[in-house]
Amino acid sequence: MKDVAIIGIGMLKWGELWEKSIRDLCVEAALNCIEDAGVDHIDSMAIGSMSSGLFTGQEHLASMIPDYLGQRYLPAVRVESACASGGLAVRNAFLEVASGMSEIALAVGVEKMTDVNGGMATYALATAADQDFEAFHGVTFPGLYAMLARAHMQHYGTTREQLAQVAVKNHANGTRNPNAQFPFAVTREQVINSVLVADPLTLLDCSPITDGAAAVLLAPVEVAHRLGRHPLTVITGIGHATDSIALVDRPDMLHLGAVAHAAQRALAMAGKTIQDVDFAEVHDCFTIAEIMVMEAMGVVPPGQGGPATLDGMTALDGSFPINPSGGLKSKGHPVGATGVAQLCEAVMQLRGTAGERQINNARTALTQNMGGSGGSSVVHIVEVQ
Amino acid sequence: MQVPKFWREIPRYYRLEAGKCDQCGKITFPSRLVCPECGSREHSKVHLSGRGTLKTFTIIRIPPDGFGDQAPYAIGIVQMDEGVGVMAQITDCDVDALSIGDTMITKFRRVREEGKTGIIMYAYKFVPDVGV
Ligand SMILES: [Zn+2]
């Protein structure tokens, strides 16, 4: 297997982008990425999108996007694993390059979510849950995570303030990210007193509905050297795991098994432990999710995610910064794009080009992307070499 | 939800039909072709008693399409006495008085009416067991 480098990243400003279609979003992110890498060709493409069909009526992105990118006849694939579709697209591109099937592979993540009304968006997102035995009863995604939050509070004593602090911290980071959808600061009181969505979670505990895309270009390390990429950012570990789609089928619903397995596999492949990681971009689709992900990956022991967050451990200047980009909370969560954008942030931090949110001397990054209520997860380790 | 899809699940929705592994005794709801515990493919039909303990719950304030006329409504996860978890709405109660650990029993209730197909979907919901 070849060693694989990230030779280019492509982001754009996310938000409610009425004037941009799903094809516009993909092409803009891909062109930014190809320009960043300075390559004259690509050999294959993987597109991550959770539900372009329900959100826009458009499937078959694997045909449309290469064509509009000026790459007709390119081999392309669209992959889906709910909100982990983006991370999975990067994994797909990694496998192309590592195996030698492609020299230069593009991964694009996209979701165009605001063409439909709120009820339809809520329905589309809920298709990531068990349709016949969860969504059938009228549960929503905030509802699933709200049930996890209530159980976590009861079992571990996690507090309302600790949950709110995740949003406060991520929005504070997002004020330093020009691409963020909601780059404003919030207070704990504002989070706690915002409108209830699914008790105990409020609107400001939830990531938003967003239009957006992101792209990364992968190539063998020797090609990255030839292109003069410096500093060199290398994917040294990939972990991917799945779990039951229904919450009720997990032996301990407060343990995100797919996240734990994916993180262990990625760290083992990289020859690292979680203590070797300098910072992480994680899937904070809801405030409780970031806390549970910290615990599943072993950043803190089970039940300690809330107190550690309140103590500032995961702040930009803390001992283990999480979501310097602002996370899904502030940056936005176009579901299929999120996993790819996490890698864009990792590369910006490792290159030292993250501007006002730069983490000093960052050498090893971890990104964690998650589908549904934890039914799938993809973790990447990226290092400067 | 399409008519055939609802019709197919009627044994689960109306009668809480579950699967029991012939080899290790694991109960699954819905039943599965492969036991998640021991991998056995031999299983028998059983019916859940409908009694269990509330593990967690929420109150849905912003509902998905199709549930707009019902919000706010409570929904929870109940560990059934047979050991398997079941998610459903919690009804006929003061939702502000619900607590984790409450004893629940299932009742047969209307879940929703489907606008497009016109079918009225019934299934189990939970109500607190007040001992009457
Ligand atoms: Zn068995």
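**View 1. A:N177, a buried loop residue.** At 4% relative accessibility, A:N177 counts as buried (under 20% relative accessible area, with a 1.4 Å probe and protein chains only). A:N177 sits in the loop that links α7 (160–174) to α8 (188–193) of chain A; helices here are DSSP runs of H or I, at least four residues, and strands are runs of E, at least two, numbered from the N terminus. This is a predicted model: local features need pLDDT of at least 70, side-chain atom pairs count only at pLDDT 80 or more, and totals for chains, interfaces and linings use all residues. Side-chain values use heavy atoms, with hydrogens and water left out.

**View 2. Who A:N177 touches.** Leaving out residues up to four places away in sequence, A:N177 is in contact with A:P183, A:S325, A:K331, A:E345 and A:R357 (contact means heavy atoms within 4.5 Å). With A:S325, a polar atom of the A:N177 side chain lies 2.9 Å from the backbone oxygen.

**View 3. Where chain B meets chain A.** Here 35 residues of chain B are in contact with 30 residues of chain A. About 2700 Å² is buried between the two chains, 65% of it from carbon and sulfur atoms; that is accessible area (1.4 Å probe) lost on putting the two parts together, summed over both. On the chain B side, B:I62, B:D65 and B:M87 lose the most area to chain A, together 20% of what that side buries.

**View 4. A salt bridge across the interface.** B:R61 pairs with A:D199, their closest N and O atoms 2.7 Å apart. The count between chain B and chain A is 3 salt bridges (a side-chain nitrogen of Lys or Arg within 4 Å of a carboxyl oxygen of Asp or Glu).

Conventions: Residues are numbered from 1 along each chain as its sequence is written. Chains are lettered from A and ligands numbered from 1 in the order in which they are written. Buried means under 20% relative accessible area, exposed over 50%, partly exposed in between (1.4 Å probe, protein chains only). A polar contact is a pair of N or O atoms within 3.5 Å; within protein, one must be able to donate a hydrogen and the other to accept it, and residues adjacent in sequence count only if both atoms are side-chain atoms.
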